[in-house]
Amino acid sequence: MNTLPGQRVWVIGASSGIGAAVAQELERQGCRVAVSARREQELHRVSGGRMVVAVLDVLDAASVRRAAAEVEAALGGIDLAVIVAGYWERMAAVGFDRDAFVRHIEANVIGMANCIDAVLPRMLEQGHGTIAGVASVAGYRGMPGAQGYGASKAAQLNLLESLRVGLRGTGVNVQTVSPGFVATPMTAANSFPMPFIISAEQAARHMVRGLTRGRAEIVFPWPMAIIMKSARLVPQQWWPRLMAARSREQRS
Ligand SMILES: NC(=O)c1ccc[n+]([C@@H]2O[C@H](COP(=O)([O-])OP(=O)(O)OC[C@H]3O[C@@H](n4cnc5c(N)ncnc54)[C@H](OP(=O)(O)O)[C@@H]3O)[C@@H](O)[C@H]2O)c1
């Protein structure tokens with residue numbers, strides 16, 4: 001996807017944070033935008049009356065399919081689906097919370113799968129389309145306090161990569177977005193240091209640039225991209241020592 005004006009875009013998880021900012025940036029750049037999430041009032045605030053609003057819960061596959069049909073009817077089709085909806089809560093390694101783990105997998109992994117399920121068949125039928133999924137650099141390595149979030153983000157990275165490989169040649173492209181820290185309601189309560197944190201508007205600009213350039217992988221900001229990509233090369237036996245200070249902090 002190279003030109004934005006006129007593209008029919010559906011942003012899922014657009015009632016706040018990165019999704020809201022990216023929907024507004026895409027609309028500014030001339031896209032016809034539809035926004036979805038659970039909080040209808042917030043969606044209307046983001047839309048400012050200029051976007052299609054379709055309420056859904058990504059945990060409920062039927063509601064995602066219903067919203068996809070509403071968006072297709074209103075826009076006449078979908079060229080780009082941006083899946084942003086996500087969930088984070090800090091977890092303790094000591095006293096592993098199975099229910100919190102499941103909440104992450106359901107919202108981030110099954111939720112993303114439900115969104116893909118709702119848009120992919122029509123994109124294949126029309127012979128073109130782009131699915132952009134928001135994962136995170138947190139999926140690159142196991143971080144203290146992020147057993148649920150990190151595992152779900154690693155699963156998203158693999159899901160999107162596998163889909164990209166499998167769909168090659170069909171006209172449907174898959175793009176993976178991996179932000180570092182972004183100041184949004186999701187990170188507002190974090191008490192740990194968040195290096196190189198950027199605003200949701202900056203994140204949206206990074207994303208839109210990557211989307212227009214058709215990048216398979218959109219990782220930002222660059223210092224975080226370099227650090228987290230390099231972190232992947234650190235041997236397993238050294239990683240806990242490197243993370244020792246963060247681990248103590250998370251346990252306190
Ligand atoms: N902030 C960061 O530092 C950061 C870094 C890397 C990756 N990310 C990822 O970026 C994405 C957006 O996060 P954010 O920081 O912008 O957080 P946010 O402001 O809390 O936004 C989360 C969005 O997801 C939607 N959502 C959550 N559960 C949903 C559900 N069951 N059904 C439908 N929509 C749902 C929320 O809408 P409703 O509550 O209205 O449903 C909201 O629009 C997430 O995938 C997150 O993991 C964030």
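Reader: Is Met228 buried or exposed, and what is its relative accessible area?
Author: This is a predicted model, in which local features need pLDDT of at least 70 and side-chain atom pairs count only at pLDDT 80 or more, while totals for chains, interfaces and linings use all residues. Residues are numbered from 1 along each chain as its sequence is written, and side-chain values use heavy atoms, with hydrogens and water left out. Buried means under 20% relative accessible area, exposed over 50%, and partly exposed in between, with a 1.4 Å probe and protein chains only. Met228 therefore counts as buried, its relative accessible area being 6%.

Reader: In which helix is Met228 found?
Author: Helices are DSSP runs of H or I with at least four residues, strands are runs of E with at least two, and both are numbered from the N terminus. Met228 belongs to the helix that covers residues 222-231, which is H7.

Reader: How far apart in space are Met228 and Gly76?
Author: In sequence, Met228 and Gly76 are 152 residues apart. In space, taken from C-alpha to C-alpha, the distance between Met228 and Gly76 is 40 Å.

Reader: Which residue forms a salt bridge with Arg8?
Author: Side chains of opposite charge can pair when their charged atoms come close. A salt bridge here is a side-chain nitrogen of Lys or Arg within 4 Å of a carboxyl oxygen of Asp or Glu. For Arg8 the closest N and O atoms of the pair are 2.9 Å apart, and the partner is Asp79.

Reader: How many residues apart are Arg8 and Asp79, and where do they lie?
Author: Arg8, at 17% relative accessibility, counts as buried, and Asp79 is buried too, with 8%. Arg8 lies in strand E1, whereas Asp79 is in the loop between helix H3 (61-75) and E4, so that the pair links distant parts of the chain. Their separation is 71 residues.
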